Amino acid sequence: MFLRGFTIIIHLNFCLSTIPFSLNSLPLGGNFSFDEVTLSHAATDFGNRYKYNPMAVLHPESVSDIAATIKHIWLMGHRSQLTVAARGHGHSLQGQAQAHGGVVINMESLKVPQMKVHVGNSPYVDVSGGELWINILHETLKYGLAPRSWTDYLHLTVGGTLSNAGVSGQAFRHGPQISNVQQLEIVTGTGDMVNCSKEQNGELFHSVLGGLGQFGIITRARILLEPAPDMVKWIRVLYSDFTAFTRDQEQLISEEKSFDYIEGFVIINRTGLLNNWRSSFKPQDPVQASQFNSDGKTLYCLELAKYFTFDQINVVNQEVEKHLSHLNYIASTLFVTEVTYIEFLDRVHVSEVKLRAKGLWNIPHPWLNLFIPKSKIHHFAQVVFGNILTETSNGPVLIYPLNKSKWDNRSSIVIPEEEIFYLVAFLASAVPSSNGNDGLEHIISQNKRILEYCERTNLGVKQYLPHYKSHEEWRSHFGPHWEAFVQRKYVYDPLAILAPGQRIFQKSIT
């Protein structure tokens, strides 16, 4: 038995030592990196909580480089421990784009096919899976066009957001980003390059969208566009009554021509809240706004945006005034500003620059994102806001409703069954080395209490950007969709080579 074990160890070590040579022998236009600095960088992400170094990083010059690498690993079969993860801008939260001892593909190296905008009655743009959404915005605006659905932060890659869903305040009308894709080019877990759409290879198309990288790597996408506005009227108002807040949100997302963007966030015990807004927004009534006190209160902010072109300003002002007149917010808390379309969409980047300057960007981000059925949102708020969650100084807590009818149930994303459901996102930042309420352990414990409450009371909550540690938890997450998910994995990545950082499937090694 000792000799057999010794032989296995020798054999594995021999395999490991020959892998770099094996990879380097591939006829690629790009190249592999094996140095510690590159490997360490590929093992970091925005979450800053998990760090698993790969064996190699591929910098592909073309889609063929990606296909050849995966095909090579596929042909090695079960005797190889190599797995593959596609890494975009490194904004994963819990190591989802890492491949311990495997190959990480640097998708931002993939610059072909070049971005190409197609104008006409049904405009679209063809982009690389490694392209950043901010770059797509700048390019499409040259043609007076822009994508219809966004994320709040634009410095993310196309492949990254489409592998999850891509949600922001426009999703109530246009659906998530995965509902605004016409075609995809995919490299599957067997190294095959496949073009797909709803009509062509539809099963793969729907599998990959929201599929957490399990069925293929998105190397090209065709994104639907719409005429772009010039300006945005950006509005914030406050509520102290949660019922009035949610009733107004739900009413607005049901109206055809209300606002173009509807979000909200929870504010707990924030001092000088409205004074902080004054740097970007103007109060409708400065005197009343100066007398408003947010200390010790749980408040709910409704954030709205109305897009317009320069020649529409008078009409838009009238429409906004009409819609606001039907809402039940605290009158003294109406704040308004006007910004360019780019300034509005890229608003989070302004905060990023400030945080980077203070050294507070590359810190742990123990985020928790939940989809909550409309029928349970009041129970959730009653227990969580002001009880489990006693302050919101660690980061924003977003809350806004979505229409299920705008989501394609053939995709892999898992959402609640009800027609209206809420995204509630706890976007906390942890102060390194702190043992207080702003420390990592406290925030993780708080997230755990929220999840335990949801499970204990059977709220029907689903995680967005999900993270689980066991097979049973993943099975529970997918529920009745689990068997179809497993079947898709068997068809498109039978050796479980792709996206090991999601911890859904494990590659078996002999």
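1. Start with phenylalanine 32, which sits opposite leucine 58 of strand S2. Bear in mind as you look that this is a predicted model. S2 covers residues 56-59, and three bridges tie this strand to S1, the two running antiparallel.

2. Now zoom out to the sheet around that pair. It is an open sheet of four strands, ordered S1-S2-S4-S3, with mixed pairing. S1 (31-33) and S3 (84-87) are the edge strands; each has a single partner, so one side of each has no neighbour in the sheet. On average, neighbouring strands here are turned by 30° against each other, ignoring direction. As background, strands in a sheet pair through backbone hydrogen bonds, in either a parallel or an antiparallel way.

3. Next, look for helix H3, made of residues 63-76. H3 lies across S1, S2, S3 and strand S4 (103-106), and runs at about 145° to S2.

4. While you're around this sheet, have a look at serine 92, which is in the loop between S3 and S4. Leaving out residues up to four places away in sequence, serine 92 touches Asp45, Phe46, Gly47 and Ala97.

5. Then move on to threonine 219, in strand S10 (residues 216-227). Is threonine 219 buried or exposed? With a relative accessible area of 0%, threonine 219 counts as buried, because the cut-off for that label is under 20%. The side chain of threonine 219 makes a polar contact of 2.8 Å with the side chain of glutamate 185.

6. Which other residues does threonine 219 meet, setting aside neighbours within four places in sequence? Besides Glu185, the contacts are Val63, Ile66, Leu110, Val127, Ser128, Gly129, Ile186 and Val187. Val63 and Ile66 are on that list, and both numbers fall within helix H3 (residues 63-76).

7. Last stop, the nonpolar cores. The largest one has 82 residues, and within it Leu162 and Leu184 touch the most other members. Not counting residues up to four places away in sequence, leucine 184 touches Leu162, Val194, Asn195, Cys196, Phe205, Val208, Leu209, Ile218, Arg220 and Ala221. Another core, of 46 residues, lies apart from the largest one; its members include Leu327, Tyr329, Leu368 and Phe426.

Key
Residues are numbered from 1 along each chain as its sequence is written. This is a predicted model: local features need pLDDT of at least 70, side-chain atom pairs count only at pLDDT 80 or more; totals for chains, interfaces and linings use all residues. Side-chain values use heavy atoms; hydrogens and water are left out. Two strands pair if DSSP finds at least two bridges between them. Axes are lines fitted to C-alpha atoms, for helices over the stretch in contact, and angles run from 0 to 180 degrees between N-to-C directions. Contact means heavy atoms within 4.5 Å. Buried means under 20% relative accessible area, exposed over 50%, partly exposed in between (1.4 Å probe, protein chains only). A polar contact is a pair of N or O atoms within 3.5 Å; within protein, one must be able to donate a hydrogen and the other to accept it, and residues adjacent in sequence count only if both atoms are side-chain atoms. A nonpolar core is a set of buried Ala, Val, Leu, Ile, Met, Phe, Trp, Tyr and Cys residues joined through side-chain atoms within 4.5 Å.
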